[in-house]
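Grab a pencil and have a look at the fold below. A few exercises follow, each with a worked solution.

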Amino acid sequence: MVSTEAGANGRAARKLRAAAPYARVKHYLKSELARGRWPPGALMPSEAELVGKFGVSRMTVNRALRELQAEGLVERVQGAGTFAAQLHRVSSTLTIRDLHEEIAARGHRHHAEVHLAREEAAPEPLAKQLGLDAGARVFHTRIVHHENGVPLQCEDRYVNPACAPHYLSVDFTRTTPTHYLLEVAPLWEAQYSIEASAPTAQEAKLLGVGAHDACLIVVRRTMSRGVPITLARLVHPGSRYQLEGRFTP
């Protein structure tokens with residue numbers, strides 16, 4: 001495991017060195033925020049200080065700060081400087097809801113059936129997504145979540161063992177993978193893709209839907225301080241589930 005982690009760190013370092021100058025500045029600030037160097041509301045380095053530290057132009061630094069502001073991680077006050085965002089603003093950009101909590105909030109009953117829980121060798125495409133070498137060991141679970149006895153979500157999840165070494169020992173009929181992982185490996189970044197598509201034959205069987213029924217499929221990768229935690233494919237019958245959200249600028 002140590003050699004795998006060292007290899008992943010080496011690849012990350014090489015990728016960072018090859019990145020655009022603004023990306024290096026952004027990565028530094030984001031990493032330090034994750035480590036708690038600047039608590040919420042704290043004054044962060046000035047543009048001039050960052051220009052001197054990285055040997056880049058003020059325009060480059062400005063772009064990095066603009067992107068961090070757009071992500072809700074910093075607040076910029078003209079004439080005063082850049083400040084670490086308040087916690088509620090940071091968490092609002094990273095909210096991942098636990099399906100059990102969603103169901104309970106509706107006053108309904110949640111239960112889960114675990115169909116797969118094992119350690120596997122990761123093929124190259126999966127290993128790349130988790131920042132591991134091809135063939136490295138990963139944890140794999142497949143769980144069907146029910147609402148009032150009706151299948152609502154088929155969750156197919158891979159987990160980086162370095163981030164959650166005891167993952168497979170958890171009783172996922174009592175707690176969800178999302179709830180457990182948020183406790184042991186707090187995330188800092190999440191990437192999503194969402195599409196309407198037909199389920200695989202196995203997913204259709206587990207969800208009790210037709211092979212050509214439309215499903216809402218969410219693929220989500222989460223990371224903590226630049227290290228991938230998990231890759232999950234969440235499949236919901238289109239007739240039973242919808243995504244809702246609200247945005248206030």
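Contact here means heavy atoms within 4.5 Å. The model is predicted, so to speak of local features takes pLDDT of at least 70 and side-chain atom pairs count only at pLDDT 80 or more, while totals for chains, interfaces and linings use all residues. Residues are numbered from 1 along each chain as its sequence is written, and side-chain values use heavy atoms, with hydrogens and water left out.

**Exercise 1.** Work out the order of the strands in the open sheet.

*Solution.* Start with the terms: strands are DSSP runs of E, at least two residues, numbered from the N terminus, and two of them pair if DSSP finds at least two bridges between them. Next, read across: the six strands go β3-β4-β5-β8-β7-β6, with antiparallel pairing. Then check the edges: β3 (110-121) and β6 (189-197) each pair on one side only.

**Exercise 2.** Follow β3 to its partner β4.

*Solution.* Strand β4 covers residues 137-147, and eleven bridges link it to β3 in the antiparallel sense.

**Exercise 3.** Is glutamate 147 buried or exposed?

*Solution.* Buried means under 20% relative accessible area, exposed over 50%, and partly exposed in between (1.4 Å probe, protein chains only). Glutamate 147 has 13% relative accessibility, so it counts as buried. Finally, list its neighbours: leaving out residues up to four places away in sequence, glutamate 147 touches Ile103, Arg106, His108, Arg109 and Leu152.

Note on methods
Helix = DSSP H or I, 4+ residues; strand = E, 2+ residues; numbered from the N terminus.
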